[in-house]
Amino acid sequence: MLFNSYVFWAFFALVLLLYRWLPHRGQNWMLLVASYVFYGAWDWRFLSLVLFSTCMDYLLAIQIGKQKEARRRKLLLGISCCTSLGLLGFFKYFNFFADELTDLLAAIGLEFMGPTMDIVLPVGISFYTFQTMSYTIDVYRGRAQPVTNLLDFALFVAFFPQLVAGPIERSTALIPQITSPRTVRASDFSEGLWLILWGLFKKVVIADNMAMIVNGLFTENPQVLTGPECWVAVYAFALQIYGDFSGYSAIARGVARWMGFHLTSNFLFPYFSATPSEFWSRWHISLSSWLRDYLYIPLGGNRSGVLKTCRNLLLTMLLGGLWHGAAWGFIVWGLVHGLLLVGYRLGEGRLWSRYGTPAAASLGLWRLPLALILFHVVCVGWLFFRADGIGQAGTMLVKMFTDFQGSTLALFGIGSIVFFGLPIMLLEFWLFLRNDDLLPARQHWALRSLVYSHFAFMLLTFAPSQHYEFIYFQF
Amino acid sequence: MNSSTSSFNSEVKVILSTLLILVIGDLALRWAEVNLSIDVRHIRSFPEITRKLSHEPAPRVVFLGNSLTRYGVDPDVWASAMKELKAPAGSVAKLVPDDTTMPDWYYVALNSLIRPGNQPDVVILGFTLNQLTDERVEAGRLGAYFCDFGNVGELFAKDLKGFAPKVDFLMGRLCRLYGVRDQVRARFGDKFIPGYQEGVRHLNEVQRREAPPKKHQTAAGQARSYQLLDRALALWRARGIEVVLVAMPIPSNYEIDQVVVGKAQSAGVRLIDARQLPALTREDFPDGYHMGPKAAKIYTRYVAERMAETLRENVRWGGMTARAN
């Protein structure tokens with residue numbers, strides 16, 4: 001049941017109707033059933049995994065809360081984390097590591113047939129696993145109280161707007177909204193409407209139209225592509241993944257807002273970032289803050305000298321890459337970002353002493369060239385993220401810097417990127433300058449209706465005939 | 001009036017004015033749609049084409065198909081070939097909407113071809129590859145062009161499986177902006193994106209070439225479905241219309257599914273194999289798919305030669321309708 005499908009909106013209309021009619025506890029029960037229906041519509045067998053994670057972390061967190069002895073608390077937390085990561089590891093990484101082991105042993109002359117299984121990746125497992133892990137860790141750290149009502153906790157794990165692709169919510173933010181009665185104000189409706197239309201526009205009009213270009217160019221033999229065509233493939237993918245994922249997150253926020261929930265903003269105009277650390281405070285915010293709080297800081301963060309800070313940054317980004325899936329492309333993508341953060345960490349003092357402070361760069365003329373340079377480095381990361389192997393990415397990367405032969409296809413690609421991407425980027429630049437992604441929802445009604453009419457027109461006429469799944473469903 | 005009420009009123013205004021703008025846009029498009037493309041103009045002229053044909057001399061022949069037939073059949077060559085072959089020239093019409101396949105052709109036949117006292121004597125259906133299968137049901141386009149609400153029962157029960165295609169059909173039927181989106185997109189693309197047609201064609205071709213074969217396309221097409229072809233043949237047979245299937249030439253070779261051969265035989269329908277005409281070369285397909293004028297002459301003549309005897313028979317018996325009675 002995808003956000004860009006009719007069946008979801010029919011489902012949501014029914015949910016909303018019941019929601020308005022029910023009292024608070026009834027709303028929570030209904031939302032839990034609806035969330036399980038939503039998840040089960042994809043594959044009901046994997047509901048057992050959601051239920052298992054829910055029950056395990058519910059019980060373990062209560063025990064962690066009760067225990068006074070530090071060793072036992074640590075043991076309980078270890079059981080929770082190992083079970084969660086074990087499930088994630090089995091479904092996500094088993095075949096990858098089994099294949100790599102077989103290849104490695106073959107390389108040194110040992111014949112070994114590693115066990116491989118036809119494992120289907122349960123949708124959303126990376127998201128809800130990280131969400132429940134953050135809950136048990138927060139209870140262990142004493143930052144959150146254990147939830148005593150199973151219904152409330154089950155809804156925290158399975159709340160359908162963010163179940164399959166985030167945002168990864170913290171228990172301290174979402175659980176109080178579940179346990180207390182919610183009110184839906186007129187501003188919730190208008191902001192929800194803006195978020196839903198903006199999200200649908202980014203997904204259906206931008207991401208899906210870019211997908212046609214991206215899929216075509218990445219399917220082609222990289223040897224026959226020209227350099228500009230490789231650039232087009234990467235630019236189009238940068239737009240596609242941004243439109244796809246930020247679109248999903250915006251729809252999730254909008255849908256939740258119509259029910260009185262306020263979800264975390266997952267994207268804040270990341271392509272206008274001037275520095276790598278700013279980029280990670282604007283891109284997939286719920287994951288990057290999760291990695292910061294539960295991995296980078298426990299590793300020592302920046303408290304133990306330059307070398308250890310660099311090690312921690314690299315490890316965090318490598319694991320962030322691996323979180324996306326078991327493939328060398330994701331690992332290289334994590335490495336590129338890790339190196340970028342390390343380089344920035346090492347050079348930032350010198351950079352700012354020569355060109356001004358980050359605060360000056362945040363508004364000054366420096367932002368544009370810095371943002372452009374950073375965007376292109378991010379694009380190199382995207383190349384490894386999207387390519388069907390390191391070989392393809394390497395060939396395309398070489399072509400990008402050595403082959404300058406123009407072509408009609410490249411011209412078509414650039415034209416499409418400008419046609420679909422430029423208007424939304426200009427709009428987002430305005431919102432970025434105002435630092436407010438909900439600003440359009442507060443404009444005069446006439447202006448809003450013009451903007452929404454444009455969105456509706458584009459959604460009706462420029463939706464590709466082929467429907468594409470959300471990219472982050474596979475993670 | 002408190003602020004909550006005024007906010008609510010403002011939201012109602014936003015929604016209503018957005019809907020109003022869309023309705024105005026939709027009405028404007030209904031008025032101007034025939035200027036969007038030759039194809040839309042052609043589709044909207046179906047009633048006129050069939051009405052005119054009913055007043056023409058028998059045998060009345062309709063070429064049904066897509067752009068392959070539009071480019072491939074030359075009515076003047078047909079007329080002169082019939083004269084030369086001493087067969088009745090009769091009258092010819094083409095119903096050839098772009099990028100259509102069997103599901104579209106069935107509903108064109110049902111809604112445009114078969115009218116009381118207004119139907120052709122012969123239908124020549126041109127196809128290539130898997131165009132006779134039920135594989136490509138484009139619900140939105142059926143709603144916009146080829147069906148009306150009278151078809152809802154049959155469509156929903158037999159052809160549109162699942163919730164999404166049904167909504168797609170209703171959207172296409174009710175909202176012209178949605179129904180003609182392919183034409184609008186092409187218009188905008190041509191105007192604002194350099195190399196639009198060529199780029200789209202190239203990317204589609206790459207993906208088609210590299211896509212893994214679908215499971216249902218293996219094993220000699222055993223799992224392919226031809227329900228709409230069956231229904232079309234039954235419909236034409238019940239109306240006494242002579243049907244001829246023609247496997248048309250394209251630059252690459254392709255197999256005719258043996259299921260189609262079997263169906264044609266059991267329904268008593270003639271199947272003309274024009275896939276590889278010796279006189280045609282790759283240069284006769286200037287855009288790599290459609291026949292050029294020279295190829296159209298050769299192809300039309302080839303079909304005319306094979307149809308001459310059928311048409312003589314048709315006239316001798318006073319048309320298939322008379323025979324059926």
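A: A:Ser416 sits in helix 18 of chain A, residues 408–434; helices here are DSSP runs of H or I, at least four residues, and strands are runs of E, at least two, numbered from the N terminus. This is a predicted model, where local features need pLDDT of at least 70, side-chain atom pairs count only at pLDDT 80 or more, and totals for chains, interfaces and linings use all residues. Residues are numbered from 1 along each chain as its sequence is written, chains are lettered from A and ligands numbered from 1 in the order in which they are written, and side-chain values use heavy atoms, with hydrogens and water left out.

A:Ser416 is buried, at a relative accessible area of 3%. Buried means under 20%, exposed over 50%, and partly exposed in between, with a 1.4 Å probe and protein chains only. Leaving out residues up to four places away in sequence, A:Ser416 touches A:Met210, A:Ile213, A:Gly421 and B:Ile193. A contact means heavy atoms within 4.5 Å.

Now the chain around it. Chain A has 19 helices and 0 strands. Its radius of gyration is 23 Å, close to the 23 Å from the globule rule for 475 residues, so chain A is as compact as a globular protein of that length. That radius is taken over C-alpha atoms, and the rule is 2.2 Å times the number of residues to the power 0.38. Along the principal axes, the C-alpha atoms of chain A fill a box of roughly 70 × 65 × 50 Å. Of the 475 residues in chain A, 60% are buried. Among its contacts between residues at least 6 apart in sequence, 78% join residues at least 24 apart.

The contact takes 36 residues from chain A and 38 residues from chain B. About 3300 Å² is buried between them, 74% of it from carbon and sulfur atoms. Buried area is the accessible area (1.4 Å probe) that two parts lose on being put together, summed over both. B:Glu11, B:Arg185 and B:Leu203 supply 18% of what chain B buries against chain A, more than any other three residues.

The count between the chains is 1 salt bridge, meaning a side-chain nitrogen of Lys or Arg within 4 Å of a carboxyl oxygen of Asp or Glu. B:Glu11 forms a salt bridge with A:Arg448, with the closest N and O atoms 3.1 Å apart.
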